[in-house]
Amino acid sequence: MSDTLSIVIFQGIESDWWPAVMQIRKEVFVDEQEIDLSLEFDDLEPKAHHLLVLDDGRPAGTCRFYTTEEGYKLGRFAVSKDFRGEGIGNALLQASLSEIEEIAPEGTRVYLHAQSYITKFYAEEGFEVKGDEFMEDGIPHVVMEMAI
């Protein structure tokens with residue numbers, strides 16, 4: 001990770017940064033994980049808060065969060081192949097949680113559908129697995145949650 005890491009946070013899809021978010025998610029989910037493009041981008045995009053990590057000004061990773069009746073849902077964590085192993089995912093998670101802490105009452109539930117292979121990453125940050133594994137877009141997932 002470079003010394004010039006920055007995070008852009010915006011809501012909706014009317015940002016100049018939206019194409020970079022789409023490109024990273026297409027690279028990771030559609031190209032690498034073979035998720036159908038029609039499933040990757042949904043009607044939640046306009047209401048979601050999107051985070052984009054820039055490393056020396058280059059888009060490196062992204063995620064989103066939005067409110068539901070059950071709390072705040074995190075998702076679409078994606079890091080471009082060239083930037084993996086550099087702490088981008090952790091930066092995204094920490095920035096998301098900080099942003100949610102600013103706008104949500106204490107004790108608010110934060111949850112996500114974690115791909116099963118990466119549950120250790122979220123568990124190290126305080127998330128707990130809730131329930132059984134399930135399939136989402138052909139990939140094993142589990143619900144993980146924490147309170148902030």
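**Group meeting: a strand, a pocket and an aromatic cluster**

Let me begin with Ala123, which is partly exposed because its relative accessible area is 42%, where buried means under 20% relative accessible area, exposed over 50% and partly exposed in between, with a 1.4 Å probe and protein chains only. Please keep in mind that this is a predicted model, in which local features need pLDDT of at least 70 and side-chain atom pairs count only at pLDDT 80 or more, while totals for chains, interfaces and linings use all residues. Residues are numbered from 1 along each chain as its sequence is written, and side-chain values use heavy atoms, with hydrogens and water left out.

Ala123 is found in helix H4; helices (H or I, at least four residues) and strands (E, at least two) are DSSP runs, numbered from the N terminus. The C-alpha atom of Ala123 is separated by 9.5 Å from that of Met146, 23 residues apart along the chain.

Let me turn to the aromatic residues. The structure holds 5 aromatic pairs, where rings of Phe, Tyr and Trp (its six-membered ring) pair if their centres lie within 6.5 Å, and planes under 30 degrees apart count as stacked, over 60 as edge-to-face and the rest as tilted. One of them is Phe77 with Tyr122, whose ring centres are 5.8 Å apart and whose planes stand at 70°, so the pair is edge-to-face. This pair links distant parts of the chain, since Phe77 is in strand S4 and Tyr122 is in helix H4, 45 residues apart. Tyr122 also pairs with Phe127, with centres 6.0 Å apart and planes at 75°, so this pair too is edge-to-face. As for burial, Phe77 is buried, Tyr122 is buried with a relative accessible area of 6%, and Phe127 counts as buried at 2%. Phe77, Phe121, Tyr122 and Phe127 form one aromatic cluster.

Next comes the largest pocket, which holds about 790 Å³ of space. On a 1 Å grid over the protein atoms alone, a pocket is an open set of points where a 1.4 Å probe fits, with protein on both sides within 12 Å along at least five of seven lines, and lining residues have an atom within 4 Å of a point. Of the 38 residues that line the largest pocket, the closest to its centre are Phe29, Phe77, Ala78, Gln115 and Tyr122. S4 gives the most to this lining, with 7 residues. By class, the lining has 19 nonpolar, 9 polar and 10 charged residues, where Ala, Val, Leu, Ile, Met, Phe, Trp, Tyr, Cys and Pro count as nonpolar, Asp, Glu, Lys and Arg as charged, and the others, Gly among them, as polar.

Finally, strand S2, residues 49–55: which way do its residues point? His49, Leu51, Val53 and Asp55 point one way and His50, Leu52 and Leu54 the other, and all are buried. With 7 of its 7 residues buried, S2 is therefore largely enclosed by the rest of the structure. Strand S1 (residues 5–11) runs antiparallel to S2 and is joined to it by 7 bridges, strands being paired if DSSP finds at least two bridges between them; here Val8 stands opposite Leu52. S2 also pairs with S3 in the antiparallel sense over 7 bridges, with His49 opposite Phe65 in S3. S2 and S3 form a hairpin with 2 residues between them, and Asp56 in the turn has a positive phi of about 55°.

Key: Points joined across faces, edges and corners; volume = space filled by probe spheres on them.
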